[in-house]
Amino acid sequence: MKVLIGFIIDGQAGGIDKYLLNFAKSVRSDKVKIDFLTNHKNYKLEQELKECNSDLYEVANLKHPIKQYRQILELLKEKEYDMTYFNISTAISIIGPYVAYKAGIPKRAIHSHSSGNDCECFWKRKLLDCVHNFAKLFLYRYANQYYGCSKAAGYWLFPSEVVDSSAFKMIYNAVDLDKFKFDKELRERLRKKYNLEECLVLGHIGNFVYQKNHTYLIRIFDALVKKEPSARLLLIGEGKNYDKIKEMVKQWKLMDKIFFLGWRSDVSELYQMMDMFLLPSNFEGLPIVGVEAQGTGLKCIFSNKITDEVKLTKEARFLPINKSVDVWVRCIQQEKEYSREDNVLQGCKSCYDLKKQEENYKSIIGEE
């Protein structure tokens, strides 16, 4: 069986890439070949995929819709795929699913991973929302399998009659929970290494983009550090707003208290150093980092724009981002003392365990 998956970036850019690589690892076999589409070929990723018998194909981005249409159509005809599996964030990415429909691909799956348009400019975002809502009227017609990382993500991309029917399936953003278990000895060792032993360490992981709302996060920390001088903030990630946020931090004289760590391969260890995890996003599908953080026993404070489906422990909180940051500061101060060992995942743990989700991944391509 030959499956073509779209779209991957570089294998480490965010939650969708993590999901796609976990998915491919779970379903790939002597009988199943998994290939990927990308808009910009990353050669390190290409080599890694080749070692797993997967090919990476570069096609034009949505700025060149006709070219993208022709390239995907040619690829589908030449390689004779049995299935397409488009993992997308908005209905604007309609071309791939439409091409698969026109090419007569038997199995055509669409998987929603978001619940909003990631655009800084208000008016441009409103325009994109209009285009998304129009494309949404047609997108579902080009698939015969429908998935979402949450119900919220499903409603964003598909009509409610699809999401509320048996045609829609939830595929949880699973992680290797064994990798993210709380390790007290490791925590103490790392905090000593980074000279954070006496600090209140807050953490955030995500691309520096509108969706993640770093500006509001810095405002929270600026207000907090005036009351909690020992507070420190770890920012893990990269993105187009990286320089803008770093300049903001410099101007606010917070560079000695905020650490820009870039993309890291040791995030499971970085979680151990934190005391709280903050995610004041403007929107999310269902954030994998929220699952990982809670897997390590961290108290997580989420934006109320994030679906409460991400609440996996008793210590998860949801706060507004359209009001003063004082409510976040009060919550951090009042709830900084808690038992991390007791803050375990609730009954839904198996839904987010990568090992237990592998069978669900296989069901997407029709293998049990």
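The legends below describe close-up views of one predicted model. Local features need pLDDT of at least 70 and side-chain atom pairs count only at pLDDT 80 or more, while totals for chains, interfaces and linings use all residues. Residues are numbered from 1 along each chain as its sequence is written, and side-chain values use heavy atoms, with hydrogens and water left out.

**View 1. Helix 1 crosses helix 14.** The axes of helix 1 (residues 15-27) and helix 14 (residues 354-364) come within 9 Å and cross at roughly 80 degrees, where axes are lines fitted to C-alpha atoms over the stretch in contact and angles run from 0 to 180 degrees between N-to-C directions. The two helices, which like all numbered helices here are DSSP runs (H or I, at least four residues; strands are E, at least two) counted from the N terminus, are therefore roughly perpendicular to each other, a term for angles of 65 to 115 degrees. Tyr19, Asn22, Phe23, Ser26 and Val27 of helix 1 meet Leu354, Glu358, Tyr361, Lys362 and Ile364 of helix 14, contact meaning heavy atoms within 4.5 Å.

**View 2. Phe158 and Phe168 form an aromatic pair.** The structure holds 21 aromatic pairs, for which ring centres must lie within 6.5 Å, with planes under 30 degrees apart counted as stacked, over 60 as edge-to-face and the rest as tilted. The rings of Phe158 and Phe168 have centres 6.3 Å apart and planes at 65 degrees, so this pair is edge-to-face. Phe158 lies in the loop between helix 6 (151-157) and helix 7 (160-163) and Phe168 in strand 7 (residues 168-170), so the pair ties together parts that are 10 residues apart in sequence. Phe158 and Phe168 are buried, that is, under 20% relative accessible area with a 1.4 Å probe and protein chains only.

View 3. Phe208, in the loop between strand 8 (200-205) and helix 9 (214-227), and Phe260, in strand 10 (residues 258-262), are 52 residues apart, and both are buried.

**View 4. Helix 4 has buried residues.** In helix 4 (residues 95-102), Ile95, Gly96, Pro97, Val99 and Ala100 are buried. The buried residues of helix 4 pack against helix 3 (65-79), strand 4 (83-88), strand 5 (107-112) and helix 5 (122-139).

Key:
Parallel < 35°, antiparallel > 145°, perpendicular 65-115°, else oblique. Phe/Tyr/Trp six-rings, centres within 6.5 Å; stacked < 30°, edge-to-face > 60°. Buried < 20%, exposed > 50% of the residue type's maximum accessible area, 1.4 Å probe, protein only.
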